[in-house]
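Keep the structure open while reading.

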Amino acid sequence: MMLQLKNANCGYGAFQAVHDLSLTMEQGKIFALLGPNGAGKSSTIMSIAGHVQLFSGSIIFDGDDISHLPARERVKRGIAVAPEGRRLFPDLTIEENLTVGGYCQSSEKEARNRDMVFALFPRLTERLKQPAGTLSGGEQQMLAIGRAMMTEPRFLMIDEVSLGLMPKMVDVCYNAIEHLKSQGVTILLVEQNTRRALEVADQVCVLESGNAVWQGAAEDARKDPALIEAFLGMAKDSAA
Amino acid sequence: MLYVELLAQGLVQGSIYALVAVGLTLVYGLLRILHVAHAGLFTLGGYIGVLVTNATGSLFLALIVSMMVVGVLGMAIYRLCYQPILDKPPYVALIASIGLFIAMEEIYRIVFGPYGISYQNPPLQSSVEILGLSLRMGEVAVGGGTLVLIGALALFSTKTRFGTVWRATVTDPDMAESFGVDIIKVRYLNFFIGSALAAVAGVMVALLNNLVEPTMGSVPSYKALAIIVLGGLGDVRGTLLAALALGVIEAFGTIYLGNYLDRDAIAFAFLILVLMVRPQGLFGRA
Ligand SMILES: Nc1ncnc2c1ncn2[C@@H]1O[C@H](COP(=O)(O)OP(=O)(O)OP(=O)(O)O)[C@@H](O)[C@H]1O
Ligand SMILES: [Mg+2]
């Protein structure tokens, strides 16, 4: 088991965004975190990354309790994030964003990881010197995932995989995700596009107002969409 | 010829603003604190410059000592004054900073006397002709020194790995930490470099005026605040350009508007005008 949340309560100061959440994510699997706006998906991710306060409960990674480690220690253990809104360093070029991503790696590993990113996202090689702030939405998402890959993660979290992307870009990103999975990386996705997430996911959790309202195998949700559509308004999603 | 002369004077003044304001904008970018006490470090830089020059006869040595001492003191201010209150609202740090600045001015008054100190043998006073302009060596040194230092800073921050990480950290400290950056280390570096540059500015102003007095930092303190707003808070390149622009505007303004407005009033009229049109600053993104 790669990552486990045990009765996690997290939030911001006095405001609690996630209530008593327990999740288990298995090594090499894709876990999809779904739910309406404001459900607490991003808060969960950022709490695992070490940026949102965990009030109580624990985060177990690879058998160790990492609940109290600062964010920079978590990344050294293999946890990486492509966060909501991408949060690239806008004034830095593509190349430099990747440099920051690989900050903790030795220079041989850095070069190898960079090659891997470019193999998955050849588009990025065409504009190495372009500031990230001027990239298109799709390029920004590729760079956000690429920057996270530079840390050589064993556990990768991607928030809003396909938000604002045209279908071709969505495919590029999902190809990358499946490739990473084939390399044994465990992946946690947050996705607005429920159908797309269910296609690749192994496990699913639906959050609503900070509470887990459904958890189970993606297989079950695929077979019986009605299972989770009540929570998500999938009817609207599939009409779009 | 008058125009070129005014331009040169403006750029020299602007260089000094730039050296002070860069440290301020770096601190703002990293901590979202308006580091008013920064101007107190500028003053101290001037004092150390004059004292060491008078004691050893070497302006160069004075410059190095001043940068080191003030740089380390800048780090100490971060550690002792700001780090303990970082989780408080920003105005808490602002008030602490203003208090520290006032205290520093009083300390200088007590330690170095109220009337200020001067170089015994003011260095770099001779004149040189450059492109038909007659400039004091001191002015040339200010311009040239600023160019060298800012150039070195630009090289460090764009060509080295740590420099790149530093720039990333200034724009988004949390994200930088997500990639393993020890942001406390970056903050120390940031305070060291910013403070050392302010010390250089202090030594240079001491050179141009041949005087260091306890309140020497007052005007630069609020002018540097104006400059970093003009440059787009936290934006180093914008801050440098805004500093030079302000120096030039002041130089021309005092000639053409000097009968109505003094130098500082011109600077702030310019600030207000710019912010009415571009609230995000001259070069900031909307
Ligand atoms: N920085 C913050 N400070 C205070 N409250 C916050 C903060 N960020 C998010 N929240 C609140 O926490 C709750 C959960 O937000 P979160 O961003 O985790 O939801 P989400 O599921 O990611 O939503 P979306 O699909 O819109 O991205 C919301 O009520 C939100 O208003
Ligand atoms: Mg979100």
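## Around B:Gly29

Leaving aside residues up to four places away in sequence, B:Gly29 touches B:Val170 and B:Gly234; contact means heavy atoms within 4.5 Å. B:Gly29 sits in helix α1 (residues 2–31) of chain B. Helices (H or I, at least four residues) and strands (E, at least two) are DSSP runs, numbered from the N terminus. B:Gly29 is buried, at a relative accessible area of 4%. Buried means under 20% relative accessible area, exposed over 50%, and partly exposed in between (1.4 Å probe, protein chains only).

B:Leu61 is 32 residues from B:Gly29 in sequence. In space, C-alpha to C-alpha, the two are 31 Å apart.

## Basis of the model

This is a predicted model: local features need pLDDT of at least 70, side-chain atom pairs count only at pLDDT 80 or more, and totals for chains, interfaces and linings use all residues. Residues are numbered from 1 along each chain as its sequence is written, chains are lettered from A and ligands numbered from 1 in the order in which they are written, and side-chain values use heavy atoms, with hydrogens and water left out.

## The interface of chains A and B

In this interface, 26 residues of chain A contact 19 residues of chain B. The area buried between them is about 2,100 Å², with 59% from carbon and sulfur atoms. Buried area is the accessible area (1.4 Å probe) that two parts lose on being put together, summed over both. A:Arg72, A:Phe89 and A:Tyr103 supply 32% of the area that chain A buries against chain B, more than any other three residues.

There are 2 salt bridges between chain A and chain B. Each is a side-chain nitrogen of Lys or Arg within 4 Å of a carboxyl oxygen of Asp or Glu. One of them joins A:Glu96 to B:Arg167, with the closest N and O atoms 2.7 Å apart. On the chain A side, α2 (71–77), α3 (94–101) and α5 (137–149) are the elements that give two or more residues.

## The magnesium site

A:Ser42 (OG) and A:Glu84 (OE) coordinate the magnesium ion (ligand 2), at 1.9 to 2.5 Å. Donors are N, O and S atoms within 2.8 Å of the metal (3.2 Å for Na, K and Ca); water is not among the atoms, so sites may look incomplete.

A:Ser42 lies in helix α1 (residues 41–49) of chain A, and A:Glu84 in the loop between β6 (79–82) and α3, so the pair ties together parts 42 residues apart in sequence. A:Ser42 is buried, at 16% relative accessibility. A:Glu84 is partly exposed, at 40%.
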